[in-house]
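Let's take a walk through this model, starting with the whole chain and then stopping at a few spots along the backbone. Keep the structure open as you read.

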Amino acid sequence: MSRGLLTGVTLTSTRTTAALLALLTLLGAASAAAAVPDARIAIDGVDVSSSEPAVGERTALNVTVSNSGGSPAAADVTSVRLLDAGDEDDDDPRDEATAVGALSAGDATDVVLWTRFDDPGEHRLTVEVVAEQESTGGDDDGGTVTVTRDAIVDVQPAEVALDVRTRALSPEDLQSDDDEQSAGGINVGGLEGVFGGGGGGLQTDEGDATESVRAADSPVAVTVVNTGTSTADRVSLTAVGTPVGADDEGSETEPAVDAGPFVVEDVAPGEERQVVIDLGPLGERSDVTVTAAFRSRPDAQAGAGANRTASSTLRYPPREGDPTVTDATVETTPDGRVIVDANLGNAGTGELEGVVVSVAGADGVEPTPAGREYFVGSVGAGDFVAFDLRTAANASVANELPIRIAYTERGVRYTETATVALPDAGDGGEGSGGAVGTLGALGVIGVVGGAGVAVAGSVIRRRDV
């Protein structure tokens, strides 16, 4: 009986032992499952360089890969790939970084992947990381680990837009006693390029650029601004100008300016480039169009040339003086003569040189004879000089007197016409004040060199005031 009981106990013990072994096996398996390498390697983040990249724009994704601090061993990251979502088996990823390096427990590393998008809208991407985890000697650790993480990128349509801004300068504007200071609103030492004329091409050295600017005959500041969402590639500038008043459509009209092309660096979205181009010697005042030719990144991908343009037009040389007739008193005499006593003011910011005033001919108005013009001389910005003119006028035919103003600014001779009102014929020859009229059409008479003055005929006098 005791043997039977012993046998029974033994059998019971055997079944209990088997159950315990089975339980321990399950627990070990669960423990092994919790320690699989996949739980050790992780993708902590995927950050896109631009929150809203544009079509054709090169976009970076910064991927952070880590090996958790609880990992029993280091892991060697062999590959980080960027795929379209759902294409984990794609053999042609958007980008791939290989041999990234080993990560000890608790370490992390950043990997940059690049891509472009051909279409706007939301794009779901998958980042895949493959690593080899070292074995610690157990049967169920080590081996290849593959983890993935998705990211959504909102791609905007490509907007190709380049803005060209021009400003006429003079050689004096670019000369400064202190090269570190701005001259004429341009930081001479900080220019990104000086083209043409004395510049002889792009100058990158600060000293050379300064000397090049100072040698320019007709400098123009050009600022190229990228206001779009796509980089402007192969930007080049050309300048073409025609004399003021010339027939632009005339086949025989020679351009007064034909300069370029001048190559400028690529301009990224939101960036700008500032250069000075020299139009060279100009024989007369001209309307100059500066054109920037360029292509966008999508154009470059399609193999297209620089087929996009943006332009800006200015008149060169610039004119900053503004002659104005003020405080005019017009009197008539019994013999039909008219006496004008007025001031010639300069409401502009530039100096007027070699100023000569006279009466222009009109119906009922006798022009000033040659050699009897009134020589005013120089009139500075904000200054004025008094003058008087005498002529004969028929008040029954004419009701205003045209005053011709000839002056030189920046070596160019200009002519403008102002008008003053004649006294009414019913005044019986009594003196009367005449209102100043609006400036009439202007014209270029000719060009003088340097500070010279070109005046037709002789002058009679200049009155001190």
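A word on the ground rules. This is a predicted model, where local features need pLDDT of at least 70 and side-chain atom pairs count only at pLDDT 80 or more, while totals for chains, interfaces and linings use all residues. Residues are numbered from 1 along each chain as its sequence is written, and side-chain values use heavy atoms, with hydrogens and water left out.

Start with the chain as a whole. Its secondary structure comes to 3 helices and 25 strands; here helices (H or I, at least four residues) and strands (E, at least two) are DSSP runs, numbered from the N terminus. Of the 465 residues, 40% count as buried, where buried means under 20% relative accessible area, exposed over 50% and partly exposed in between (1.4 Å probe, protein chains only). The accessible surface is about 23100 Å², and 46% of that belongs to carbon and sulfur atoms; these areas come from the Shrake-Rupley method with a 1.4 Å probe, and for residues only the protein chains shown count as cover. Take the contacts (heavy atoms within 4.5 Å) between residues at least 6 apart in sequence: 69% of them join residues at least 24 apart.

Now for the sheet. Three strands make an open, antiparallel sheet in the order β18-β19-β22, with pairing called when DSSP finds at least two bridges between two strands. The edge strands, each pairing on one side only, are β18 (323–332) and β22 (384–392). On average, neighbouring strands here are turned by 20 degrees against each other, direction ignored. For that angle, axes are lines fitted to C-alpha atoms, for helices over the stretch in contact, and angles run from 0 to 180 degrees between N-to-C directions.

Strand β19 (residues 337–346) pairs with β18 in the antiparallel sense over 8 bridges, and Pro323 has Asn346 in β19 as its bridge partner. Because 7 of its 10 residues are buried, β19 is largely enclosed by the rest of the structure. The hairpin of β18 and β19 has 4 residues between the strands, and Gly336 takes a positive phi near 90 degrees there.

Next, which residues does Ser296 touch, leaving aside its neighbours within four places in sequence? They are Val160, Ser230, Thr231, Asp233 and Arg308. Ser296 sits in strand β16 (residues 286–296) and counts as buried because its relative accessibility is 0%.

Finally, look at the backbone. Most residues other than glycine have a negative phi, and most peptide bonds are trans. Arg234, in strand β13 (residues 232–243), has a positive phi of about 50 degrees although it is not a glycine. At 52% relative accessibility, Arg234 counts as exposed. Asp327, also not a glycine, has a positive phi of about 50 degrees; its place is in β18, and at 57% relative accessibility it counts as exposed.

There are cis peptide bonds to find, too. One runs from Gly260 to Pro261, with omega near 5 degrees, and Pro261 is in strand β14 (residues 257–263). Another joins Tyr316 and Pro317, with omega about 0 degrees; Pro317 lies in the loop between β17 (308–316) and β18.
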